[in-house]
Amino acid sequence: MSKRRINKIAVIGSGIMGSGIACHFANIGVEVLLLDIVPRELNDKEKAQGLTLEDKAVRNRLVNDSLKTSLKSKPSPIYLQKFASRITTGNLEDDISKVKDVDWIIEVVVERLDIKKTVFENLDKHRTPGTLITSNTSGIPIKFMSEGRSEDFQKHFCGTHFFNPARYLKLFEIIPGPKTDASVLEFLNGYGEQFLGKTSVIAKDTPAFIGNRVGIFGIQSLFHLVKEMDLTIEEVDKLTGPVIGRPKSATFRTVDVVGLDTLVHVANGIYENCPNDEAHELFKIPDFINSMMDNKWLGSKTGQGFYKKTVSAEGKKEILSLDLNTLEYRAKKRAKFATLELTKTIDKVIDRFKVLVKGKDKAGEFYRKSFSAMFQYISNRIPEISDELYKIDDAMKAGFGWEHGPFQIWDAIGIEAGIEMMKAEGYKPAAWVNEMIASGNSSFYTIKDGATYAYDIPKKSQEKIPGQDAFIILDNIRKSNEVWKNSGVVIEDLGDGILNVEFQSKMNTIGGDVLAGLNKAFDLAEKDFQGLVVGNQAANFSVGANIGMIFMMAVEQEYDELNMAIKTFQDTMMRMRYSAIPTIAAPHGMTLGGGCELSMHADKVVAAAETYIGLVEFGVGVIPGGGGSKEMALRASDTFKKNDVELNVLQEYFLTIGMAKVATSAYEAFDFGILQKGKDIVVVNKDRQIATAKAYAKLLAEQGYTKPIHRTDIKVLGKQALGMFLVGTDSMEASHYISEHDHKIANKLAYVMAGGDLSEPTFVSEQYLLDIEREAFLSLCTERKTLERIEHMLKTGKPLRN
């Protein structure tokens with residue numbers, strides 16, 4: 001990457017997308033100048049205050065209101081609310097000259113070429129030569145936007161298309177203009193991946209680029225198929241959701257969230273601008289969609305779309321579904337298919353596709369029709385929208401949340417089997433696919449030496465996909481680098497003396513097999529290696545301990561076995577901390593309960609920015625029993641030295657557990673005391689996480705890692721703290737803020753974090769706290785209310801308040 005640095009950017013346009021982009025740059029520490037137009041008239045509030053159009057509050061009203069709305073939206077566009085202080089607002093008349101001081105200008109104004117050209121003309125007068133200038137257009141040709149601009153402008157201009165919401169969707173399409181300098185594209189490609197945490201895809205300047213061209217084709221195809229096959233919207237959402245590795249919102253719920261008008265706008269753009277597309281007529285908006293547009297049934301933004309939230313006469317909330325034949329809302333219908341039942345035992349999504357397309361019911365027919373149409377479409381888009389097939393897969397995975405791209409799905413079905421399926425449905429692949437098979441290539445992708453190769457059409461051979469060297473992809477090395485495995489974990493050699501423990505249990509829960517695997521990894525690492533990473537690349541790091549196992553032992557009243565199981569968990573966490581080799585935890589996604597406890601006991605945490613971490617055991621009627629309660633008491637003690645008001649400090653840590661707080665980003669976890677400043681770090685790109693964790697394990701080993709000495713210097717406050725906690729919990733129950741059982745759990749936690757009912761502040765060991773933590777945990781497992789909560793969680797996945 002070039003030596004260009006991005007310290008400050010300007011975002012022009014503060015709508016949903018502009019504010020979202022501004023927030024994401026603030027997330028990564030960049031200073032942002034957010035500008036929008038000046039209002040042309042006063043609103044009622046401004047009139048009442050006696051303000052004029054010349055007042056700054058009025059002139060910046062649009063930008064300030066937009067940013068405020070964005071910061072309040074859920075899910076939040078910002079990792080931590082205080083990061084918003086990195087954004088300065090202004091307007092395009094008083095503050096446009098300030099763009100001379102920025103390193104990159106991103107235009108995010110309304111999708112009208114005439115308005116964009118006027119904005120660029122104005123910006124060209126003020127920008128410093130060499131400054132990057134890009135447009136977030138979702139479809140206007142890049143070549144038209146820079147016409148008439150200065151040579152330097154055109155050289156540094158291109159499209160940079162973020163997907164909404166900018167924080168969460170990883171696709172970052174970079175679209176060159178006619179005169180864009182190659183070094184600009186190279187820089188943005190690298191910056192998007194390394195700094196913004198994106199999947200950067202350099203696209204061609206074609207209508208809707210890559211992601212929306214293929215994604216909107218997929219949705220439009222379903223709009224037509226749903227009528228042809230007489231499917232309900234519930235059936236389509238069942239068939240196009242998690243079962244095939246797509247988001248829970250599947251198809252119709254996703255359209256409701258995005259907005260039907262947005263989808264129609266893009267589809268119309270493709271229809272008008274792609275007359276030679278073989279699927280041209282498919283982009284024509286069906287009648288039922290036009291009726292919905294006329295009715296303003298646009299989705300969440302208008303209160304109803306394909307689904308509608310209502311409240312019954314009894315005050316019960318209900319979600320109604322749209323009947324596409326009558327266009328009337330009705331009660332939701334349950335969707336069930338025999339083919340989907342066959343995939344329930346197939347954990348890996350990629351292994352389900354072969355089964356799904358062979359289904360003998362409506363579901364099988366649906367998959368054969370929809371995949372056949374998609375396979376023909378994507379093969380025909382090369383080289384029109386991309387020369388490389390992997391870019392289409394990257395765009396669909398990063399922009400639409402698909403676990404697998406369409407070429408990967410085709411590989412999973414089998415290329416030749418896929419072609420036979422297509423023929424049966426009246427479709428055929430592009431000529432290059434048949435040429436590929438004739439040249440002896442039987443798949444679009446291959447794995448070699450831990451790297452992914454993709455078929456290169458002009459070269460007629462498999463070529464290594466560029467940009468992988470900063471990543472370690474566990475799927476690619478699991479078989480070749482396996483050191484040991486059981487049903488709970490795989491231990492892999494990452495190279496350079498570093499091992500990785502990858503959980504393989506359902507939802508990565510931590511049960512007996514995972515604990516055995518962790519202990520085996522410590523043994524192996526201490527004997528023959530230099531460091532250990534605990535990390536995986538599933539959707540979530542770990543949702544915690546296996547509560548099903550705890551429930552069975554408690555119901556059977558096998559308390560000795562339960563005591564031993566909890567002690568094994570605690571001892572394993574202590575090995576994480578007190579091993580002869582450095583240990584690194586690499587949490588991401590949901591990292592709850594035991595997953596959080598494991599992370600808190602590592603020598604260092606390398607957390608993905610999108611880590612939702614917390615000690616949530618209160619929700620199932622117990623306290624953290626794998627060292628989490630002990631650890632919060634220890635961390636409070638370490639903070640006492642910096643803070644005179646010890647009881648207040650302890651109370652903060654107590655509330656983190658008692659309120660089952662879950663951080664909404666890794667940065668918020670620092671505020672909760674779960675991650676530690678100066679020790680733990682955050683990586684924005686999850687794809688770099690394992691490689692970064694390995695690098696830190698290696699660094700700690702090379703610096704001369706010494707096994708830590710067991711702690712015996714933890715200050716606990718005894719009766720002084722216990723009394724304060726008990727008064728507080730009594731008051732909470734008396735005021736009906738907590739239930740009787742919550743009161744009981746809180747008192748048990750209070751006992752542990754106070755260090756018991758010691759008569760005066762005392763220094764104790766970690767083992768002392770672990771023993772009283774385990775005793776408290778076990779006593780709660782004998783409670784009927786706790787068993788009810790665990791059973792409810794196992795059945796519904798949701799906590800019960802009883």
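An α-helix has 3.6 residues a turn, so residues three or four places apart point the same way. Helices here are DSSP runs of H or I with at least four residues, strands are runs of E with at least two, and both are numbered from the N terminus. H24 covers residues 559-577, and its 19 residues should span 27 Å at 1.5 Å a residue, which agrees with the 27 Å between its end C-alpha atoms. The expected span is 1.5 Å times one less than the number of residues.

This is a predicted model, in which local features need pLDDT of at least 70 and side-chain atom pairs count only at pLDDT 80 or more, while totals for chains, interfaces and linings use all residues. Residues are numbered from 1 along each chain as its sequence is written, and side-chain values use heavy atoms, leaving out hydrogens and water.

Strand S4 (residues 104-107) pairs with strands S1 and S5; two strands pair if DSSP finds at least two bridges between them. S1 (residues 8-12) runs parallel to S4 and is joined to S4 by four bridges, with Ile-9 opposite Trp-104. Four bridges also join S4 to S5 (residues 132-135), again in parallel, and here Ile-106 stands opposite Thr-134. In a regular strand the side chains alternate between the two faces of the sheet. Both faces of S4 are covered, with Trp-104 and Ile-106 buried on one side and Ile-105 and Glu-107 buried on the other.

Another sheet is open and antiparallel, with three strands in the order S9-S10-S11. Strands S9 (307-311) and S11 (328-331) are at the edges with a single partner strand each, so one side of each has no neighbour in the sheet. S10 (residues 317-323) and S11 are joined by four bridges, and Leu-320 has Ala-331 in S11 as its bridge partner.

Aromatic rings of Phe, Tyr and Trp (its six-membered ring) pair if their centres lie within 6.5 Å, and the count comes to 33 pairs. One cluster linked by ring pairs includes Phe-353, Phe-366, Trp-410, Trp-432 and Tyr-455.

A charge sits over a ring if NZ of Lys or CZ of Arg is within 6 Å of the ring centre and within 35 degrees of the ring normal. Arg-381 is placed this way over Tyr-377, 4.3 Å from the ring centre, and Lys-448 over Tyr-453, at 4.7 Å.

Key
Rings of Phe, Tyr and Trp (its six-membered ring) pair if their centres lie within 6.5 Å; planes under 30 degrees apart count as stacked, over 60 as edge-to-face and the rest as tilted. Buried means under 20% relative accessible area, exposed over 50%, partly exposed in between (1.4 Å probe, protein chains only).
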